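Reader: Hey, I just opened this one and could use a quick tour. Can we start with the charged pairs?

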Amino acid sequence: MDLLSGAKRPRFELCARDGLARAGRMLTPHGVLETPAFFPVGTYGAVRGLTPDELARVGVQGLLANTYHLSLRPGESRVRELGGLHGFMGWPGPILTDSGGFQVFSLGAYCRRSEAGVEFRSPVDGRTVFLSPERAIEIQEALGADFIVVLDEFEAIEAGGDPAHVRTRACLERSLRWAERCRDAHRRDDQLLFGIIQGGFAEELRAESAERTRALGFEAFAIGGLGVGDSPEQRASLVSASVSGLREASPRYLMGLGLPEDLVAGVLGGVDLFDCVVPTRHGRHGSVFTQRGRLNLRNARHRDDGGPIDADCACPTCRRFSRAYLRHLLTCGDALGARLLSLHNIAYYMKLVRDMREAIASGRLRVWVEAWREAYVSEPAEAAGGSSSAVHNPA
């Protein structure tokens with residue numbers, strides 16, 4: 001378990017700053033994760049269609065798995081008995097689990113909320129399940145991830161809605177009470193527990209949530225409730241309000257976002273960690289990311305194209321296969337097409353965060369961002385598209 005730090009408990013080290021942007025590293029019992037970092041989503045304990053070796057080959061440092069889904073199937077006790085998530089998945093690097101709150105609250109009318117927790121009917125077998133803050137921690141401790149997250153109450157409110165912040169305030173207050181219960185329930189010293197900053201679309205509530213979550217003793221912070229109707233401009237202000245009062249040594253995690261432009265904006269705003277299903281979900285539908293923007297390989301213009309997805313990409317997909325062949329696989333519905341495009345997209349994300357880390361370390365992030373934005377122009381889609389959103393559904 002000896003890392004660069006020799007410490008068992010995960011911790012964050014800040015290595016460089018460029019404006020608000022930061023480059024650092026998370027030291028964990030399962031290796032060092034350099035930040036900014038992106039976690040591909042392995043909802044059920046696997047990034048869909050891709051092996052751990054394939055992920056490591058394109059530079060993946062850490063994965064996210066879903067507490068809600070794994071607790072329902074196969075169950076956290078079985079995962080624990082089979083070596084925890086690391087042994088069960090065959091993934092040796094850092095793992096992050098979310099609390100399951102987003103998935104539960106997305107059930108809407110199918111769940112009942114109370115101060116004690118949330119009761120819902122399992123979509124797997126129909127049984128009634130109760131998730132409390134203490135239970136969310138119990139599950140995550142059994143799964144054994146390096147980074148875990150408190151249970152919060154989330155309610156999507158349209159931008160500009162709830163002008164009196166009544167519902168937003170109620171969710172914020174309950175989330176703080178639940179965060180305190182999660183903190184008290186957490187026992188494992190080899191896991192880093194993230195508090196969650198809420199506050200809807202109100203900057204003052206975001207700042208208050210951050211301050212009060214910090215006062216509870218949390219050392220790591222997740223920013224929740226964004227990407228659900230907010231504009232990129234609003235999001236930048238809300239992220240700024242969320243992180244402005246945090247300690248410099250505290251890692252910041254923007255939950256569930258998103259597209260490459262979301263990562264770039266987040267890093268500029270001082271965010272360290274990201275996760276999203278976008279690279280794999282988009283890949284399965286033929287949407288791929290390149291240095292010059294997003295392409296839809298289902299478009300007819302790629303039918304006779306013998307070139308790679310991205311001539312500047314060194315991933316296994318681009319080194320070996322043409323756009324024409326990949327489009328053929330998509331139109332035939334062959335699973336290999338989805339696998340190869342997902343692998344390319346993840347490789348693109350790994351290069352994106354790696355390039356930003358290097359730009360921060362050399363003090364030239366603004367110059368890099370200007371050049372990236374000028375080059376990144378997505379082609380119009382004839383079939384599938386996609387928009388920025390907080391998506392924690394299966395990858």
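Author: The structure holds 30 salt bridges, where a salt bridge is a side-chain nitrogen of Lys or Arg within 4 Å of a carboxyl oxygen of Asp or Glu. Keep in mind that this is a predicted model: local features need pLDDT of at least 70, side-chain atom pairs count only at pLDDT 80 or more, and totals for chains, interfaces and linings use all residues. Residues are numbered from 1 along each chain as its sequence is written, and side-chain values use heavy atoms, with hydrogens and water left out.

Reader: OK, which residue does Glu54 form a salt bridge with?

Author: Arg339, with the closest N and O atoms 2.9 Å apart. Glu54 sits in helix 1 (residues 52-57) and Arg339 in helix 14, so the pair ties together parts that are 285 residues apart in sequence. Helices here are DSSP runs of H or I with at least four residues, and strands are E runs of at least two, numbered from the N terminus.

Reader: And is Glu54 buried or exposed?

Author: Glu54 counts as buried, at 14% relative accessibility. Buried means under 20% relative accessible area, exposed over 50%, and partly exposed in between, using a 1.4 Å probe and protein chains only. Arg339 is partly exposed, at 28%.

Reader: Which residues get joined into one network?

Author: Arg113, Glu115, Glu153, Arg174 and Arg177, through salt bridges that share partners.

Reader: Switching topic: what's up with Arg206, how far is the nearest opposite charge?

Author: Arg206 is buried yet has no salt bridge, and the nearest side chain of opposite charge, Asp230, is 7.3 Å away. For this, Lys and Arg count as positive and Asp and Glu as negative, while His and the chain ends are not counted. The Arg206 side chain does reach the backbone oxygen of Ile197, at 3.2 Å.

Reader: Now the core. Which residues touch the most other members?

Author: In the largest nonpolar core, with 113 residues, they are Phe194, Tyr253, Met356, Leu365 and Trp368. Such a core is a set of buried Ala, Val, Leu, Ile, Met, Phe, Trp, Tyr and Cys residues joined through side-chain atoms within 4.5 Å. Its largest share, 13 residues, comes from helix 14 (residues 335-361).

Reader: Last one: how many helices and strands are in the chain?

Author: The chain has 15 helices and 16 strands. Of its 395 residues, 57% count as buried, and the C-alpha trace spans about 60 × 50 × 45 Å along its principal axes.

Conventions: A polar contact is a pair of N or O atoms within 3.5 Å; within protein, one must be able to donate a hydrogen and the other to accept it, and residues adjacent in sequence count only if both atoms are side-chain atoms.
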